Amino acid sequence: MAVFGGHRRDDNPALPPGQYLTESFPVLSSGPTPSIDMEDWEFFIHTEAGQTHRWTWDQFIALPSQDISVDIHCVTSWSKLGTGWRGVSLDTLFAEVETGFDFVMAHSYGGYTTNLPLGELLNGRAWIAYEYDGDELDAEHGGPARLLVPHLYFWKSAKWVRGLVMQSEDNPGFWEENGYNLHGDPWREERYA
Amino acid sequence: MTSRAIGWRTGSLERAHPLTASARSITFTVSSWPGNDAGQHVDVRLTAPDGYQAVRSYSIASTGAGEEIELAIDRLPDGEVSPFLVDDLELGDTVELRGPLGGWFVWRPEQTQPVQLIAGGSGVVPLIAMTRAHASAGSSVPMQLLYSLRTPDDAFFRDELSQPSATARTTWHYTRAVPSGWSRSAGRLTAEDLKRETLPPEHVPLTYICGRTGFVETVSRALISLGHVPDNIRTERFGGT
Amino acid sequence: MDHLDGNVLAGPSTDLFAFEATTTQCQCQSCADIAMLGQAMVYGQPMGFVARCRNCDNVLIVIVERAGQKSLNMRGLRWLRVADQATNDRI
Ligand SMILES: Cc1cc2nc3c(=O)[nH]c(=O)nc-3n(C[C@H](O)[C@H](O)[C@H](O)COP(=O)(O)OP(=O)(O)OC[C@H]3O[C@@H](n4cnc5c(N)ncnc54)[C@H](O)[C@@H]3O)c2cc1C
Ligand SMILES: [Zn+2]
C-alpha cells in the first residue's frame, strides 16, 4: 500500500510546527497583480489626528535602508530559510509619526488588507522591502515594495503595500475576516481564528 | 444527473496504465457513484498518517453511469499530489473523492450548438469525456478538437482520438517538437493557427478551452480577437502559469 | 499558483448550499455584471477560494475550508438567482 506523506514536515529546529522546508518561492495571491505606475507610487501612514505622512518613490528609496536576512513562514505550510531582502525599517518610517492607537491596518494596491499590532512592527522587526536576493522585487512577489514582518505568517507581509492606517482596535483584514488568525504567530501555530 | 448529497466518498484504484512518460490513467471504483456529465471534475483528498491533508481537483475522463471513474494525471516535478498519484498509488489503494462537481464546464448530448474543443496538454481530460459522450450518444452536432502539445510524445489518448470511427475530428498542434514529416514547424498556438484550425465565429460554436492557466488565457483572448463572443467560450484553468 | 475558473468552487461549496453554486447566476455588487459563478476568476489557493468578478475583479465570494469548518463571505454579491433544480442542472 502506498502511503501519502505530502511535503516532508521536518524536525529542523528552524522550522515552526507543521511547516516544511522549500527552496522555491511559491506565489500566493488573493487577486491579480496590480499594475502600478512608479510616477504615482506612494507609501503613507495615516493617523487618528487626520495626518497623513507620505513618501514618493524617490523619497522612499532615499531613506536609510538595511540588508535583512530572515526566515519566512507561509500559513500554507512552506518555510524558506535565510531569505535576503533590502528595505526600510518601519522604525525609520514611524520616527516622525505621532499616534496613540495600538493597531495598524496595512492597505495594498489592488485592495488587499491585513491587520497588525503596532508594537510588532517596531524595534527592528518589520520593514518595507523593495529588493529580494539582490534584485528589485518582482511584481509577483509584491514589488515594487511589500511589507516584511517575518516573525508572523507571511500573509501579514502585505504585497504591493501602499500605506498603513492607524486603528484603535485590532479590526480584521482580508484573510483575518475570513477565518484566519488575527495575530498569526507561526511558532504558536496561530493559523486560524 | 448531479444529486446534491455530495460528501467524501472512497475510491479504490481498480486499473491504471501509463499515458505518457509523465502521466497515468487511473480508474477508481466508487460505490454508489451517481454517474457524471462530460466535463465535470472531482476533488481528491489525501491524508497522511499524521493527519495532514491535501486536496486537488481532477477532471473526469469518463462519462455516464456506472461505478467507475477514470482520471488522467500529469506529474508535476515538484508537485505534492500528482507524483503520488502517477508513481506511487497501487491497485487496491484508496483515496477520498468528492463529486461529481461543476455544471458550467459541461457538455450534454442534448446541446445543439456546434462544439469546438481546445486542449493544452493534460487539459484534454475533460474534453475527451466530451468526445466520448458525443460518440456514445450518437450526437449529430459537429464537434472537433484542437489539441496543443509540447511534443508528439506528450499526447494523452492518441489512439482513441485518431480512430477512424471517432465522431470528433482531432487537429494536432506542437509547440516544441513536431513528428517527422510534419508540414508545420513547432511554435506557440497563435491567432492565425486558431483561425485556420477552429470553427469560425460565423458558425457560432460553443468553445471549451482547457489547460494551464496561461494557455487558457492566451487562447481565449485570441478567440475574442477573432470575433467570438465571450459568452460562447467556456474555460477550465488547471493552474500553473 | 495562478488563478482558476469558478468551476473549482463546486467542491468547497457543496455543503454550503442546497443548489449547484457554479451554475447560479449572480450580480456583482460593484459593477453590476451578471454571470454564472462558474465564470468568476478564483484566486487565493491554497489559503482559500477568492472568487472575483470576471469584469471588474471585485471580490464576490470567499470560501475558506479547513478540517471541521468552513467560512463563507458573500459581501461582494448583490444577488444570487437560483433556478429550480431541474432547470439549474440543464444550463
Ligand atoms: C478543475 C480542475 C481540474 C483539473 N484536472 C486535472 C487533470 O485532469 N489532470 C491533471 O494532471 N491536473 C488537473 N488539474 C490540476 C491539479 O488540480 C493540480 O493542480 C496538479 O495535479 C498539481 O498538483 P500537485 O500537488 O502535484 O502540485 P503542487 O504541489 O500543488 O504545485 C507544484 C508547483 O506546480 C505549480 N502548478 C500547480 N498546478 C499546475 C499546473 N496545472 N500546471 C503547471 N504547474 C502547476 C504550482 O504553482 C507549484 O509551483 C486540474 C485543476 C483544476 C482546477
Ligand atoms: Zn464586477
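I count as donors the N, O and S atoms within 2.8 Å of a metal (3.2 Å for Na, K and Ca), and since water is not among the atoms, sites may look incomplete. The model is predicted, so I noted that local features need pLDDT of at least 70 and side-chain atom pairs pLDDT 80 or more, while totals for chains, interfaces and linings use all residues. Residues are numbered from 1 along each chain as its sequence is written, chains are lettered from A and ligands numbered from 1 in the order in which they are written, and side-chain values use heavy atoms, without hydrogens and water.

Zinc site. I looked up the zinc ion (ligand 2) and found C:Cys28, C:Cys31, C:Cys53 and C:Cys56 as its protein donors, each through SG, at 2.3 to 2.4 Å. Their spacing along the chain is C-x2-C-x21-C-x2-C. Because C:Cys31 sits in the loop between β2 (25–28) and β3 (34–36) of chain C, and C:Cys53 in the loop between β5 (49–52) and β6 (59–66), the pair ties together parts 22 residues apart in sequence; strands here are DSSP runs of E, at least two residues long.

Chain B. I took the bounds from the domain assignment, which gives domain 1 (8–101) and domain 2 (115–238), with centres over C-alpha atoms 24 Å apart. Counting contact as heavy atoms within 4.5 Å, I find 14 residues of domain 1 of chain B against 15 of domain 2 of chain B.

Contacts of one tryptophan. Leaving out residues up to four places away in sequence, I list among the residues that A:Trp175 touches A:Leu28, A:Tyr112, A:Trp155, C:Met47 and C:Val64.

How values were computed. Helices (H or I, at least four residues) and strands (E, at least two) are DSSP runs, numbered from the N terminus. Domain bounds come from an automatic or database domain assignment.
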